[in-house]
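Let's work through some exercises on reading a protein structure together. Keep the model open beside you and try each task before you read its solution.

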Amino acid sequence: MKSRLASLTFLPLLPCLFLHVAALAETRSWTNQQGKQIQAEFVRLDGANVNLALPNGQPASVPLASLSASDQTWIKENGESATAGADDAGRLPWDKRRFPSAVKESLLDMKISVLKESDGDCLYSSRHFEFKTTARLGVIAMADVCKAFESTHELVRQLPWGVTPRPEEGRKLFRAELYETRDEYLRTGAPTWSAGIYSLKDKVFRMPFKELGLVSGGQVYRRTGPINNNTITHEITHQMMHEYLPYAPAWLLEGTAEYTANLPYKSGLFNVAGAIAEYKDNYRGRIGSRPGKQWIGVRDLWNFTTSITERNPIASVLVKEEKPEVSTSGRVIAPSVKAPPTIPTPAELG
């Protein structure tokens, strides 16, 4: 939850450390129907498009039909084996992984279907999300809003961290609920301080229309105001990682969500490479002392280890400070070595 932990600043992940990690994967020559050639590595076949990785790590996508007959034959013969188990970039062998320079949602993901439109109860879907709304939005507004959802899904999928976004058990799509008024949003049990939330209990992302920049345009809504993409990206990252939430420490979960939420974003495009310049501007010379933010230590981070919303109530897992013993002569006596505290399991925490 972004708002609850907004005052906690985590050491930022350093994208510059990853963007220049050269992959050692093999490349081949690709030729289009006009005879133009490029050197690139085959990544996967995505519908009618072929996803490639250029030697500098830049992703590229070309229509399958635009390639030469020999290249199309190569993909037919080798494509399935080349992409086996590679639905997510993080599941590739280490030497084939790429840290994306930019990520944008696919047009195929943005096809909005109207499943139901009735007073107070509307249902829409895209490729990876099902949207339940309390007022009619229509295809145009939904497509505009959906950019932030589908682009975040694609971002988490492409990051080379081994996260494969899969809908929660029993569902074919991720679920989002969007509320016409803030009161409707709060009646779901959402915290009063929140702008949006992913509920692990209900496996649902929730947000009021206002945070989506939606205003009434008569019979339907339209987006005219700014969209709270930071909160959307932060919480949708949690949703994409729902399998990790009960077990991973909060500083890892929140740090990952903060990383994605702070990547430069505009109109459905995450400029991952652009984060290098932003990192230099925001953090150079000010590590540990960002204006308006307060760094927290290991002890406080551990207090959040067992929950992303509440501090750990079990005092026995905290490492207690020990004052050194001092002899009568004034000599410091090293404290005795004690066994590390026992870390409870999620089941023990209830």
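This is a predicted model: local features need pLDDT of at least 70, side-chain atom pairs count only at pLDDT 80 or more; totals for chains, interfaces and linings use all residues.

Residues are numbered from 1 along each chain as its sequence is written, and side-chain values use heavy atoms, with hydrogens and water left out.

**Exercise 1. The whole chain**

Task: Find how many helices and strands the chain has, and what percentage of its residues is buried.

Solution. Step 1: Start with the elements. Helices (H or I, at least four residues) and strands (E, at least two) are DSSP runs, numbered from the N terminus. The chain has nine helices and 19 strands.

Step 1: Turn to burial. Buried means under 20% relative accessible area, exposed over 50%, and partly exposed in between (1.4 Å probe, protein chains only). Of the 350 residues in the chain, 42% are buried.

Step 2: Look at the contacts, where contact means heavy atoms within 4.5 Å. Among contacts with a separation of 6 or more, 59% come from residues 24 or more positions apart.

**Exercise 2. The six-stranded sheet**

Task: Work out the order of the strands in the open sheet of six strands, and which strands stand at its edges.

Solution. Step 1: Recall the general idea. Strands of a sheet pair through backbone hydrogen bonds, either parallel or antiparallel. Here, two strands pair if DSSP finds at least two bridges between them.

Step 1: Read off the order. It is β7-β8-β9-β10-β12-β11, and the pairing is mixed. At the edges stand β7 and β11 (197–199), each with a single partner strand, so one side of each has no neighbour in the sheet. On average, neighbouring strands of this sheet are turned by 20° against each other, direction ignored.

Step 2: Follow the pairs. Strand β7 (residues 113–118) runs antiparallel to β8, and five bridges join them. Ser 118 stands opposite Asp 121 in β8. The hairpin of β7 and β8 has two residues between the strands, and Gly 120 takes a positive phi near 75° there.

Step 3: Move on to the next partner. β8 pairs with strand β9 (residues 129–133) in the antiparallel sense over four bridges, and Ser 125 has Glu 130 in β9 as its bridge partner. Three residues lie between β8 and β9 in their hairpin.

Step 4: Check how enclosed β8 (residues 121–125) is. Four of its five residues are buried, so β8 is largely enclosed by the rest of the structure.

**Exercise 3. A residue in helix α3**

Task: Decide whether Cys 146 is buried or exposed, and list what it touches.

Solution. Step 1: Locate the residue: Cys 146 is in helix α3.

Step 1: Check its accessibility. Cys 146 has 0% relative accessibility, so it counts as buried.

Step 2: List the contacts. Leaving out residues up to four places away in sequence, Cys 146 touches Met 110, Ile 112, Ser 126 and Phe 131.

**Exercise 4. A second residue in the helix**

Step 1: With residues up to four places away in sequence not counted, Glu 154 touches Arg 44, Val 103 and Lys 104.

**Exercise 5. Two packed helices**

Task: Describe how α5 and α6 pack.

Solution. Step 1: Two packed helices are described by the angle between their axes and the distance between the axes. Axes are lines fitted to C-alpha atoms, for helices over the stretch in contact, and angles run from 0 to 180 degrees between N-to-C directions.

Step 1: Helix α5 (residues 229–240) packs against helix α6 (residues 250–261) at an angle of about 140°, and their axes are 8 Å apart.

Step 2: Name the arrangement. Angles under 35 degrees count as roughly parallel, over 145 as roughly antiparallel, 65 to 115 as roughly perpendicular and the rest as oblique. The two helices α5 and α6 are therefore oblique to each other.

Step 3: Find the residues that meet. In α5 they include Thr 233 and His 234, and in α6 they include Leu 253 and Ala 257.
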